[in-house]
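Hi,

Here is the structure I promised to pass on.

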Amino acid sequence: MPADTPDLIALLGSRICHDLISPLGAIGNGVELLTMTGTMPGPELALIAESVTNANARIRFFRIAYGAAAPGQDVARAEIRSILDDMTRGGRLKIDWGVAGDAARAEAKLAFLALQCLESALPFGGRIRVATDGGLWQIGAEAPKLKIEAPLWARLRGEEGGEITAAQVQFALFAAELERQGRRLTLRLGEHEIALRY
């Protein structure tokens, strides 16, 4: 595929996320107004507010992970922290973003795809740490119990990985984005940890 061919999947991801962010924001504003007026107090409103916050964070996450990443674009560290904090608030998964400063959009995209791959191995919760060292990204996950689907991780090693479902698309996209950015992945799978370095 020629280098100047647009990445239609990424453009589609950007378009969908762009179109969903505004209505989610409007729902969030409506919930805030209801809270201020006291029209609908109680656990029902709290549940709606929490769900809107989580959905908004997911859409912002997907926009970076699946959206287009033009050269020269950065994502502010505060924005990344806000997305990850909103997405994991109240859950069993914790993500420590230890990268100093802003991140290039392409690097954030790759890291977010890696996070989503790791998240699939942590259905019972755990901790993910993200750091950089001399231009290399190090992303690791730890948990008392991991759910590792070997064929998916084999795909990241360049081996035959079998069919990909919609819930596993991040593995195919992560592998493709590594190749697009000319990065080589080192992967270590353990009983209680997964380590990615690229």
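This is a predicted model: local features need pLDDT of at least 70, side-chain atom pairs count only at pLDDT 80 or more; totals for chains, interfaces and linings use all residues.

**Salt bridges**

How many salt bridges does the structure hold? The count is 11. Let me walk you through some of them.

One of them joins glutamate 107 to arginine 183, with 3.4 Å between the closest N and O atoms. This pair links distant parts of the chain, since the two residues are 76 residues apart. Glutamate 107 belongs to helix H4 (residues 105-120), while arginine 183 sits in the loop between helix H6 (169-180) and strand E6 (186-189). Glutamate 107 has 26% relative accessibility, so it counts as partly exposed. Arginine 183 is also put in the partly exposed class, because its relative accessibility is 22%.

Another salt bridge brings together the side chains of glutamate 142 and arginine 129, at 3.1 Å from N to O. Here the link is between strands: glutamate 142 lies in E5 (residues 136-142) and arginine 129 in E4 (residues 126-133), so the bridge ties together parts that are 13 residues apart in sequence. Relative accessibility is 39% for glutamate 142, which means partly exposed. Arginine 129, with a relative accessible area of 40%, is partly exposed too.

There is also a salt-bridge network, made up of Arg60, Glu79, Asp86 and Arg89.

**Helix H6**

In general, an α-helix has 3.6 residues a turn, so residues three or four places apart point the same way.

Is glutamate 177 buried or exposed? Its relative accessible area is 5%, and the cut-off for buried is under 20%, so glutamate 177 is buried. Leaving aside residues up to four places away in sequence, glutamate 177 touches Lys109, Leu110 and Leu113.

With 12 residues at 1.5 Å a residue, H6 should span 16 Å, and its end C-alpha atoms are 16 Å apart, so the two values agree. Just after H6 comes glycine 182, which takes a positive phi of about 70 degrees.

**Strands E2 and E4**

E2 (residues 93-97) has two faces to look at. Leu93, Ile95 and Trp97 make up its covered face, and Lys94 and Asp96 its uncovered one. As a general point, side chains in a regular strand alternate between the two faces of the sheet. E2 and E4 run parallel, joined by five bridges. Lysine 94 has arginine 127 as its bridge partner in E4.

**Two more residues to look up**

Glutamate 193 is found in strand E7. Its relative accessible area is 32%, so glutamate 193 is partly exposed. Not counting residues up to four places away in sequence, glutamate 193 touches Ala141, Glu142, Leu146 and Arg188. With arginine 188 there is a side-chain to side-chain polar contact of 3.1 Å. If you want a distance across the model, the C-alpha atoms of glutamate 193 and isoleucine 83 are separated by 24 Å, and these residues are 110 residues apart along the chain.

Asparagine 56 is in helix H2. At 19% relative accessibility, asparagine 56 falls under the 20% cut-off, so it counts as buried. Its contacts, not counting residues up to four places away in sequence, are Leu24 and Gly25.

Cheers

How values were computed. Residues are numbered from 1 along each chain as its sequence is written. Side-chain values use heavy atoms; hydrogens and water are left out. A salt bridge is a side-chain nitrogen of Lys or Arg within 4 Å of a carboxyl oxygen of Asp or Glu. Helices (H or I, at least four residues) and strands (E, at least two) are DSSP runs, numbered from the N terminus. Buried means under 20% relative accessible area, exposed over 50%, partly exposed in between (1.4 Å probe, protein chains only). The expected span of a helix is 1.5 Å times one less than its number of residues. Contact means heavy atoms within 4.5 Å. A polar contact is a pair of N or O atoms within 3.5 Å; within protein, one must be able to donate a hydrogen and the other to accept it, and residues adjacent in sequence count only if both atoms are side-chain atoms. Two strands pair if DSSP finds at least two bridges between them.
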